[in-house]
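Here are my notes on this one, as numbered points. I hope they are handy to have beside the viewer.

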Amino acid sequence: MNTKAYSKPRVGLYSTGLAAYWAQFPSLHDRLVSYNEFIAEKMGQWGEVYNFGLVDTVDKGIEAGKYFNEHNVDIIFLHAATYATSATVLPIHQRCQAKVVMLNLQPSDRVNYEKTSTGEWLAHCNACPVPEFANAFHRAGIPYKVISGLLGLEKTPAVSVANETTCNRPEAIRAWKEISEWIRAAQVKNTLSESRFGFLGNTYSGMLDMYSDFTMLQAQAGIQLEVLEMCDLDALLKTVTEEDVARKEAEVREMFTISGDSPAEKLAKKPTAEELEWSCRVAAAQEKLVEKFHLNALTYYYHGADGNAYEQLQSGFIVGHSLLTANSVPCAGEGDLKTNLAMKICDILGVGGSFSEIVTTDYIDGTILLGHDGPFHLEISEGKPILRGMGVYHGKRGSGISVEAKVKSGPVTMLGVTQTVDGRLKLIISEGESTKGTIMQIGNTQTPVKFSVDPDTYFERWFEEAPTHHCAMSIGHNAALMKKVAELMNLEYVIL
């Protein structure tokens, strides 16, 4: 998956301690520091870690809060390394408002009951202060989450009398999966706050579910909005060279299979040389538009008068927008900005995010076909996508080339973004399985998806959440991960 465009999130980390312990138990301080450093190193594979080290006094807590603010961290992990008073940790989170996740990670799966001293026990009493921290955070109005399990060391330290080699224990594996998901979720929040979404043209007339308040989206998702006109793209189209077109055609031929005529749909033909050239020319202009306006995502739709030159321009959109979507600039049609946000979230997480809606239901196989006439996320395709020439775009003016493809067989997750009656964004999340079922040869993307319930039950549950009629399809079962994204961004969510 192409996620190289995304910088790592800024992760804050500190471990707890009590200054009174160090003189009483001389080896305890360094032992806890080594645990802290292990956590920091492991977290470094997902984020840019700002590790304050041990916080063992109120003054250190105040200093740590300022440290995390200075580094503008996206999330803070509180490692409960041993008992500490809540007075040492509360000042941190009163000064830095980043989401806090407490880590209750015991080094050993069991203490050595016969040989454990008080100092040894204090290295294993990780859960002891967590209720006190939770109580203080709750009364201070600070939201928090807790991950419990084993630390997951690969080797027992010489200082320990217990077995601390726990990396293969399920309690360690689960805990680190949770930690990685929180950091990946923080990357979404971080990246969206630095993302510019282009809105080109307008919204498909009459699709009331598509309409959104730009300010509301910026306020709740942190994205920037750039309102674009078709003349912006048309001006760049005039600068496209033959070399640009040839480069795009080479890219298209590498990524797509050029179809013959569809055996079922008379309007779906082998793309003509003229259609292919035009799609590549427009794709080159689309790339220039993204570069000129520094776009990280693009929502688009255009409907104009008959014979309008911009109508011809928009007929070449789908190929270029599919190429952009595969290159971490997701593009959503019909002016659906909320689904563009869903696609961007999926892409940041490295799980795709293809523009989809309900196509039809297969009651024999118990699957729902989900897809659209484009754009498609090429990185999650089952084989090479097919390009078909379309005599007409259904429900829209114009004709041109469309993408026919299917998402990889296996686990998938649908992510919808809707808007509640009180103007809040809401994530609708559901997991299913992309099957190897057949699809129609009509120039549209389609993926047969089987959910854990029958299609009608799924429909009824889905529709009761007041969704938009589009959603983003991602690969993998990502509900737990997307839930964390919603919680970090203070968005409502539901998992079907």
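1. A few conventions to begin with: two strands pair if DSSP finds at least two bridges between them. Helices (H or I, at least four residues) and strands (E, at least two) are DSSP runs, numbered from the N terminus. This is a predicted model, in which local features need pLDDT of at least 70, side-chain atom pairs count only at pLDDT 80 or more, and totals for chains, interfaces and linings use all residues. Residues are numbered from 1 along each chain as its sequence is written, and side-chain values use heavy atoms, with hydrogens and water left out.

2. Four strands make up an open sheet in the order 7-6-10-11, with parallel pairing. Strand 7 (224–228) and strand 11 each have a single partner strand and stand at the edges, so one side of each is left without a neighbour in the sheet.

3. Strand 10 deserves a visit of its own. Strand 6 (residues 196–201) runs parallel to strand 10 and is joined to it by five bridges; here G201 stands opposite Y301. Two bridges link strand 10 to strand 11 (residues 331–332), again in parallel, and L298 has C331 as its bridge partner in strand 11.

4. How many of the residues of strand 10 are buried? In strand 10 (residues 297–301), five of its five residues are buried, where buried means under 20% relative accessible area, exposed over 50%, and partly exposed in between (1.4 Å probe, protein chains only). In a regular strand the side chains alternate between the two faces of the sheet. Both faces of strand 10 are covered, with A297, T299 and Y301 on one side and L298 and Y300 on the other.

5. Now to the aromatics. Rings of Phe, Tyr and Trp (its six-membered ring) pair if their centres lie within 6.5 Å; planes under 30 degrees apart count as stacked, over 60 as edge-to-face and the rest as tilted. The count comes to 16 aromatic pairs by this rule. The pair of F137 and Y144 is tilted because the ring centres are 6.1 Å apart and the planes are at 45 degrees. F137 counts as buried at 0% relative accessibility, while Y144, at 29%, counts as partly exposed.
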